[in-house]
Amino acid sequence: MNLRDLEYLVAVGEHHHFGRAAEACNVSQPTLSTQLKKLEAELGIALIERSPRHVMLTSAGERVAERGRVMLDEAAAIRALARQATDPEGGTLRMGLFPTLAPYLLPHVVPAIHERYPNLELLLIEEKTEVVLDQLRSGRLDVGVLALPVTGESLHQQRLFTEDFVLAVPSGHPLAATEGTVDPSVLAGEQVLLLEEGHCLRDQALSVCRLTGASERRGFRATSLETLRQMVAAGVGITLLPELAVRPPVPASDDVVLLRFGEPVPQREIAMLWRSTSVYQDLLPGMGELIGDLVTDLL
């Protein structure tokens, strides 16, 4: 048994297809299939259930693949440790961010990260908060950029910046003519457009609604901030948007009026999280300061 065979097995379990698994592992399909048959012969058990239209792991295959993932993650950590020993600011850093932050934060900070850490390969993964946390725990990510609070975690947290929410209303809405800031109490009795379940921004917006007496617009749940923005532009309703999502390079819309809140301003706090055993634990605090300073200056 070797790590490459385990990589093939894990890939088949993820893709349920020999061809796609082989492509993911950068080998030919015959090579992958042959090596997996050898692994089954070595272990003396069937790992894969094969049929003309479907490929899946057997129950024993699932258990072997689960252990295999742990071994592959540990092997990757060893390689990363070796790279860090030779170049403390090099290697490959896998960073996870949630969808209502990633496209609005990254254009501002990635160029500065590349300039500060020219030997560091930055791999960016956009997933919902729970997926980022799962992948942090399993070792498939090195660092996550998430909204606080993150409870029940043994991960190290470093606060980066605080981001205000703004109120987005259609240009024909009565509030659109408001000059200056608006009190959060203007949301009382309003129905607010929200994201679907699983987005942390939905939970944050619901918290604001509960505090101000607003409610969710029933019968509508968006899958992205851009959908929310388009629905506001179409006059469907109002919503809350994070500050970075309304800053350039995001284009403004003549059909959407953005209103800023007076005190107390609804906000969310963004932090970096990583395992205390991470091989990047000496690099990440400095990167966090870089990101925090950049965004604080921007906002």
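Which helix is Gln135 found in? Select Gln135 and you will land in helix α6, which covers residues 129–138. Keep in mind on this tour that you are looking at a predicted model.

**Stop 1: Gln135**

Is Gln135 buried or exposed? Its relative accessibility is 16%, and buried means under 20%, so Gln135 counts as buried. Now show what surrounds this residue. Leaving out residues up to four places away in sequence, Gln135 touches Ile125, Arg140 and Leu141.

**Stop 2: the whole chain**

Zoom out for a moment and colour by secondary structure. Along its principal axes, the C-alpha trace spans about 75 × 45 × 35 Å. The chain has 299 residues, and 46% of them are buried.

Next, think about how the chain folds back on itself. Taking contacts with a separation of 6 or more, 73% are between residues 24 or more positions apart.

**Stop 3: the nonpolar cores**

Hide the surface and select Leu105, Val145, Met287 and Ile291. These are the residues with the most contacts inside the largest nonpolar core, which has 58 residues. Which helix gives the most to this core? Helix α5, residues 102–116, does, with 7 residues.

Stay with Ile291 and show its surroundings. Not counting residues up to four places away in sequence, Ile291 touches Leu105, Val109, Ile113, Leu160 and Met272. Apart from this core lies another one, of 18 residues, and Leu175, Val182, Cys209 and Leu259 are among them. As background, nonpolar side chains tend to be buried together in soluble globular proteins.

**Stop 4: Arg268**

Now pick a charged residue. Arg268 is found in strand β11, which runs over residues 267–274. Is Arg268 buried or exposed? With a relative accessible area of 3%, Arg268 is buried.

Draw a distance from its side chain to the backbone of Thr100. The backbone oxygen of Thr100 lies 3.1 Å from a polar atom of the Arg268 side chain. If you leave aside neighbours within four places in sequence, the contacts of Arg268 include Phe98, Leu101, Phe161, Glu163, Gln204 and Pro242.

**Stop 5**

Move to helix α1, where Asp5 is found. Asp5 is buried, with a relative accessible area of 6%. Residues up to four places away in sequence aside, Asp5 touches Gln35, Leu36 and Leu39. For a sense of scale, draw a line from Asp5 to Arg221: the two are 216 residues apart along the chain, and their C-alpha atoms are separated by 43 Å.

Then select Val64 in helix α4, residues 59–86. Beyond its neighbours within four places in sequence, Val64 is in contact with Leu6, Leu9 and Leu47.

**Stop 6: backbone details**

- His16 sits in the loop between α1 (3–15) and α2 (18–25). Phi of His16 is positive, about 55 degrees, although this residue is not a glycine. At 35% relative accessibility, His16 counts as partly exposed.
- Asn26 comes in the loop between α2 and α3 (29–43). Asn26 also has a positive phi, near 60 degrees, and this residue is exposed, with a relative accessible area of 69%.
- Pro249 lies in the loop between β9 (239–242) and β10 (256–260). The peptide bond from Pro248 to Pro249 is cis, with omega near 15 degrees.
- Pro264 is in the loop between β10 and β11. A cis peptide bond joins Glu263 and Pro264, and omega there is about -5 degrees.

Key:
Residues are numbered from 1 along each chain as its sequence is written. This is a predicted model: local features need pLDDT of at least 70, side-chain atom pairs count only at pLDDT 80 or more; totals for chains, interfaces and linings use all residues. Side-chain values use heavy atoms; hydrogens and water are left out. Buried means under 20% relative accessible area, exposed over 50%, partly exposed in between (1.4 Å probe, protein chains only). Contact means heavy atoms within 4.5 Å. Helices (H or I, at least four residues) and strands (E, at least two) are DSSP runs, numbered from the N terminus. A nonpolar core is a set of buried Ala, Val, Leu, Ile, Met, Phe, Trp, Tyr and Cys residues joined through side-chain atoms within 4.5 Å. A polar contact is a pair of N or O atoms within 3.5 Å; within protein, one must be able to donate a hydrogen and the other to accept it, and residues adjacent in sequence count only if both atoms are side-chain atoms.
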